[in-house]
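Thanks for coming, everyone. I'll keep this quick. Have a look at the model first, then we'll go through it.

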2 protein chains.
Amino acid sequence: MGGTPPDFESLLLLTLVAELGSLGQAAERMGISQPAASKRLAMLERRLRLALVDRGSRGSVLTTEGKAVCQWSERVLAEMESLMAGVAALRADRDDDLRVASSMTLAEHFLPRWIGALRQRSPDVRVSLKVTNSEQAAAMAGRGEIGMGFIEAPAVPPGLSSRQVGADRLVVVVAPNHPWARRRLPVEPAELARTPLIVREPGSGTRETLERILTGIDVEPARPLMVLDANAAIRAAVVAGVGPAVLSVITVREELADGRLLEVPVAGVELHRRLHAVWPKGRRLTGSAQELLSIASRRRRARATSVRES
Amino acid sequence: MGGTPPDFESLLLLTLVAELGSLGQAAERMGISQPAASKRLAMLERRLRLALVDRGSRGSVLTTEGKAVCQWSERVLAEMESLMAGVAALRADRDDDLRVASSMTLAEHFLPRWIGALRQRSPDVRVSLKVTNSEQAAAMAGRGEIGMGFIEAPAVPPGLSSRQVGADRLVVVVAPNHPWARRRLPVEPAELARTPLIVREPGSGTRETLERILTGIDVEPARPLMVLDANAAIRAAVVAGVGPAVLSVITVREELADGRLLEVPVAGVELHRRLHAVWPKGRRLTGSAQELLSIASRRRRARATSVRES
DNA sequence: CCCACCCATAACTGCAGGTTATTACCTCAT
DNA sequence: ATGAGGTAATAACCTGCAGTTATGGGTGGG
């Protein structure tokens, strides 16, 4: 019923037609011939079973449906661009100008975009990205192996300069059929500590933050229900009903929004935390590192001024 | 240098391998044979020039790079799913249970997700979506042609029941090379009114809100610099340096974040506005309309409690 | 030790997506 | 009117990628 999803080239073609107002020009921009573009677009319309563009003899213009699909396509393409920027940065060679290490959560949600923005304004700088956990990233920054690290640890390790680039919050999440989903009262920290949870491996910022919170209570913490080394895997396990987990709200935004996961309030403990850029203390930031830092912090400033923008 | 972007199926395959831990099982889930999956993945790795999975004889596990790419892929796939949900809803037949109309801004950024969530929990309801502007959507709701409308007008028209489902803010944006980008002082409303702007067509919520603000000042408003009927087109024009525009911050989030556009502060006028669901007054909401409304407002509640989550 | 499961390779096939060449159409200017 | 210059669609052909089945090489558990 849903049909097969369209391919990225077709979506790009649609956006180009919207921008340029002509199939032929869009084809040229994509480096293909006009008939190829014509066929592609016809194919796309057939697959979606929607009339997307009105072909006039004086150019083509998107239909109302076409405009909507075009906007949605742009979002898909933007994510794809982020992915490609991230992939390019993962391909670390030794001849790159700026080497960056990052915790998983930050790498997943922010770094491709930042790196993409950096490449966009200085296309010739080569940035490489190493994805680890907060502990490792901080250690690499401390040893000077990298130009900049991005961490989500509760405290910035000594010997590092730092600057806050964002904030997030940990949430306790369960599947909708979990007993906690029907609670009216918040969970007490002691109860949370006694409950086996699905957690990340030691060293990850998420786990460190959680343990720091729970050790404040004089309750023997329960053994983990399951240890997984990727936020996505934990998220999938919670959705599948394996048990509760504590995750960054960033990583479960979608699931909370559409009801696949529910947030369980926790009484009295502060689950906010800050995201930091760190670099070796006293080191003069190179041009590109400086630029990346300013991109990361500009984003933060922009967010601070906008009220519930998305 | 960047290489061609990977195709959708390969990204899905990667996420399935991550989830299931085996190429063969992932292949089965996708409805293809195991060798096909093997070849696809090898192809993907060759194109990205990254080792994504460690093949052991007792299953396959993602490498560190693979995990990162997998996470980014999930974001691409999520946007693609939204697109497909929206496309399915655009394909209006006359035998659908719930007909929805929406302004462009809301349709672009929220409705596919909401409709997707609705379909996910009640897969058999058929939802159709008509994308217009706020004025039209409100009128259709008033005439009872649709079960629910989503509008961004400054005021809810009389004769409609409504509920707030979100909020956003209008911003004045310019390209980085525009004179206003270097201003230190905010723009005065009178100056904004005198300046030719790139605007949407009359009837759009964005334009109505803008005009309502500017008519408060006793200055003859300048004629529009350009009238375009899509937010994306306006955005592209501003980026290209055609001139300033006033847009919803939602639609220029990316561009503000990576510096392609700059926000120009405006002195003294309130540019916030509310996003509303509307339906014919007194009409009892049907089950699916009720459900959609609760999805839309739940999202809002979740946002209200989360602090700078994204 | 063998079975069960993992994955890769080989040889073959089909079709999607590209090309060039050509046609049809509309609009505008002469 | 009429030709020029733009638009898009169609036809015929070619290539190669993605799928298939068949097979073989690993490795770990009963």
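Start with B:Arg183. In this predicted model, B:Arg183 makes a salt bridge with B:Glu191. The closest N and O atoms are 3.3 Å apart.

Next pair, still in chain B. B:Arg260 and B:Glu255 form a salt bridge. Here the closest N and O atoms sit 3.9 Å apart. The cut-off is 4 Å, so that distance counts. B:Arg260 is partly exposed, at 30% relative accessible area. B:Glu255, by contrast, is buried, at 9%. This pair belongs to a network: salt bridges that share partners join B:Arg260, B:Glu255, B:Arg235 and A:Glu74. Note the chain letters there, with A:Glu74 from chain A and the other members from chain B.

Now a salt bridge in chain A. The side chains of A:Arg207 and A:Glu211 meet, with N to O at 2.8 Å. Why are these two about one helical turn apart? Because they are four residues apart in helix α9, residues 205-214 of chain A. A:Arg207 is buried, with a relative accessible area of 15%. A:Glu211 counts as partly exposed, at 34%. And the total? Over all chains, the structure holds 28 salt bridges.

Let's move to one residue and its surroundings. B:Met104 lies in helix α5 of chain B, which covers residues 104-109. B:Met104 is buried, and its relative accessible area is 9%. What does B:Met104 touch, leaving out residues up to four places away in sequence? From chain A, A:Lys67 and A:Gln71. From chain B, the list includes B:Val131, B:Thr132, B:Glu152 and B:Arg200. B:Asp229, B:Ala230 and B:Asn231 are in contact with B:Met104 as well. One distance for reference: B:Met104 and B:Val249 are 145 residues apart along the chain, and their C-alpha atoms are separated by 14 Å.

On to the symmetry. Two copies of a chain are related by a rotation about an axis and a shift along it. What are the values here for chain B on chain A? The rotation is 180°, the shift along the axis is 0.0 Å, and the RMSD is 0.0 Å. That is the relation of a two-fold axis. Which residue of chain B comes closest to the rotation axis? B:Val76, with its C-alpha at 2.9 Å. Now the interface. Of the interface residues of chain B, 97% are also interface residues in chain A, so the copies meet through the same surface.

Last, chain A as a whole. Its secondary structure comes to twelve helices and eleven strands. The C-alpha atoms fill a box of roughly 75 × 55 × 35 Å along the principal axes. Chain A has 310 residues, and 56% of them count as buried. Take the contacts in chain A with a separation of 6 or more: residues 24 or more positions apart account for 75% of them. The chain exposes about 13400 Å², and carbon and sulfur atoms supply 51% of that area. Then the charges. Chain A carries 43 positive and 35 negative charges, and their mean positions are 2 Å apart.

That's my set. Questions, please.

How values were computed
Residues are numbered from 1 along each chain as its sequence is written. Chains are lettered from A and ligands numbered from 1 in the order in which they are written. This is a predicted model: local features need pLDDT of at least 70, side-chain atom pairs count only at pLDDT 80 or more; totals for chains, interfaces and linings use all residues. Side-chain values use heavy atoms; hydrogens and water are left out. Buried means under 20% relative accessible area, exposed over 50%, partly exposed in between (1.4 Å probe, protein chains only). Contact means heavy atoms within 4.5 Å. Copies are superposed by least squares on the C-alpha atoms of residues with pLDDT of at least 70 in both. Accessible areas come from the Shrake-Rupley method with a 1.4 Å probe; for residues, only the protein chains shown count as cover. Lys and Arg count as positive and Asp and Glu as negative; His and the chain ends are not counted. The place of a charge is taken as NZ of Lys, CZ of Arg, CG of Asp or CD of Glu.
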